[in-house]
Amino acid sequence: MARRAPRWLRRGLLRVRNVLSPVVSLWRRSIQARVVITTMAISAFVIGGVGWLMLQGVADGMVEARRAVALSEARAGFSQAQQSLDVSSVSEASSEIDALRTLVNDLAARSGSPPSYQVMLEGPLDPSGDGEAAFASAGIASPAIPDDLAQAVADGQHAAYTFTRMEIEGSDEKEAAIIVGDLLRMPDGDQEFALYYAFPMTDQERTLSLVRNSLLYAGLALVLLSSGVAWLVTRQVVTPVRLARRIAERLADGRLEERMVVRGEDDIARLSLSFNKMAESLQRQIRQLEELSRLQHRFVSDVSHELRTPIATVRMAADVLYDNREHFDPSSERSAELLQTELDRFEALLSDLLEISRFDAGAARLDLEAVDLVDLAERVCAQYAPLAARHGVELRVVNRDGPAIVDADVRRIERIVRNLVANAIHYSGSSQVHLLVAHGATSAAIAVRDFGVGLEPGQSQLVFNRFWRADPARERSRGGTGLGLAIALEDAVLHGGWLQAWGEPGQGAQFRLTLPRHAGDDPQRSPLPLVPDAGAGLNRTEGVR
């Protein structure tokens, strides 16, 4: 089992997330912030790169100039020192030490005031014999010579040099310097001395520091300036866009009279003008649609109202004919039966059309109450038991979770279940139809499962279309009104739920209705699977009520 992260690490990550969360939110929600931050990052990268290149160029130029001057002065000093030794006539060791010390002091004295270089001398006359410099001019705290330079001088490479850092008297830190070294030979040719010139680069370091600070401050100022310019430019573009967004939200809320203010003749002004024209067009079309919808709803209501009187009269006459059909000849008797059947279907179609018109007009309302889906399923099964018996279908209610209470309009939910059960009895070709009921923390579901002909691929979405039929050749007299599933879907959506279908050829079909436990909640997920478990069979009896 993986170990949990230490508490301090979790706290650190939480603090980082709390700090970055507002920045990420601002980045995702604000175009202006993205433009300004991007401009700042790109400007910092470009200015930093250019500044670094400029600083490198200045540093290389100054170092090269200092190196050339140091080599020139050192070579002159080496030549002068060798000439001084050549003309020297001392032979005793003590006299040679005094002569060399005097030579070092003379060479150092020529560097001026303040001195532009320091002089060091190493050789076999070193009394201590520890390899350190025998003589050094004043001002050098620790005249250590780099090993690579000492080796190069010892190998006889003329005027070898290196860059290093050395301690200077009066300074707590080591300072950069260029050290140039060469060999000096005594007149007798038996002894050799290493003479070094140390040229401090303090002035160059100060100059580079000044240039670096100047570039840094100038770069920061340019980054801030470019970010400010980007903020001002994007503000001129983003402000009208934000205004358009607010007006669009108001239009979406139904305030169709909102318009943008047009100023000037630039692109933003033309955008505002086009937006206003679009809003006017939308307002005009929406009003036309509302008027057409109102007229359509009124037309359907008027037609249905006007049709009720003649239908009632025809119904009375049809009932009389149907009740006395036994006294008619076979042809007239069949006509009376067909008339009765078609009148029933016509009344059902008229009722469905009125219900669809209420959904289209947005006039459908819910009468909510606590409904137990288990009791509802049993009630529907009892209602359709005679019809199922005539078709040789066995109805079962399968419930394992106990009562499934939801806030719903019982009339509409019962209409959905009745429609699904009736369709399964009439058209599935199955000998069993199961009503499965389950509930979860936030939702409850009821599914109608058959084991008949099933659905072809793609039909699970088409079954809810108005007047759609799986078999176009099926008789209209047996096919109902063609609006039942469309109305059922509208009822489910009105409750904030889902009505979904699944089917496979030869494996049957399942229609699942999912509802929130409480009105206005989000069902989140259904407690019943849409696709039944493989092998969920005809003989399953556990949990059957």
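A crossing of two helices is called left-handed if the near helix is turned anticlockwise from the far one by less than a right angle, and right-handed if clockwise. Helices (H or I, at least four residues) and strands (E, at least two) are DSSP runs, numbered from the N terminus. This is a predicted model: local features need pLDDT of at least 70, side-chain atom pairs count only at pLDDT 80 or more, and totals for chains, interfaces and linings use all residues. Residues are numbered from 1 along each chain as its sequence is written, and side-chain values use heavy atoms, with hydrogens and water left out.

**Stop 1: a helix pair.** Select α9 (residues 410-427) and α11 (residues 484-494). Their axes come within 9 Å and cross at roughly 145°. Axes are lines fitted to C-alpha atoms, for helices over the stretch in contact; angles run from 0 to 180 degrees between N-to-C directions. The crossing of α9 and α11 is left-handed. Now show side chains. Residues of α9 including Arg412, Ile416 and Leu420 meet a set in α11 that includes Leu485, Ala488 and Asp491. Contact means heavy atoms within 4.5 Å.

**Stop 2: the open sheet.** Which strand order does the open sheet of five strands have? The order is β8-β10-β11-β13-β12, with mixed pairing. Two strands pair if DSSP finds at least two bridges between them. The edge strands are β8 (394-399) and β12 (498-504). Zoom in on β8 and β10 (residues 432-439): they run parallel, joined by six bridges. Asn399 stands opposite Val437 in β10. α8 (residues 373-390) lies across β8, β10 and β11, at about 170° to β8. α9 lies across β8, β10, β11, β12 and β13, at about 20° to β11.

Stop 3: Select α4 (residues 147-154). Leu149, Ala152 and Val153 are buried there. They sit on the same side of α4 because they cover an arc of only 100° around the axis. That arc is taken from the directions from the helix axis to the C-beta atoms. Buried means under 20% relative accessible area, exposed over 50%, partly exposed in between (1.4 Å probe, protein chains only). The face turned away from the buried side carries exposed Asp147, Asp148 and Ala154. After α4 comes Gly156, with a positive phi near 90°.

**Stop 4: a covered strand.** Move to β5 (residues 174-185), where ten of twelve residues are buried. β5 pairs with β6 (residues 192-200) in the antiparallel sense, over nine bridges. Ile178 has Phe199 as its bridge partner in β6.
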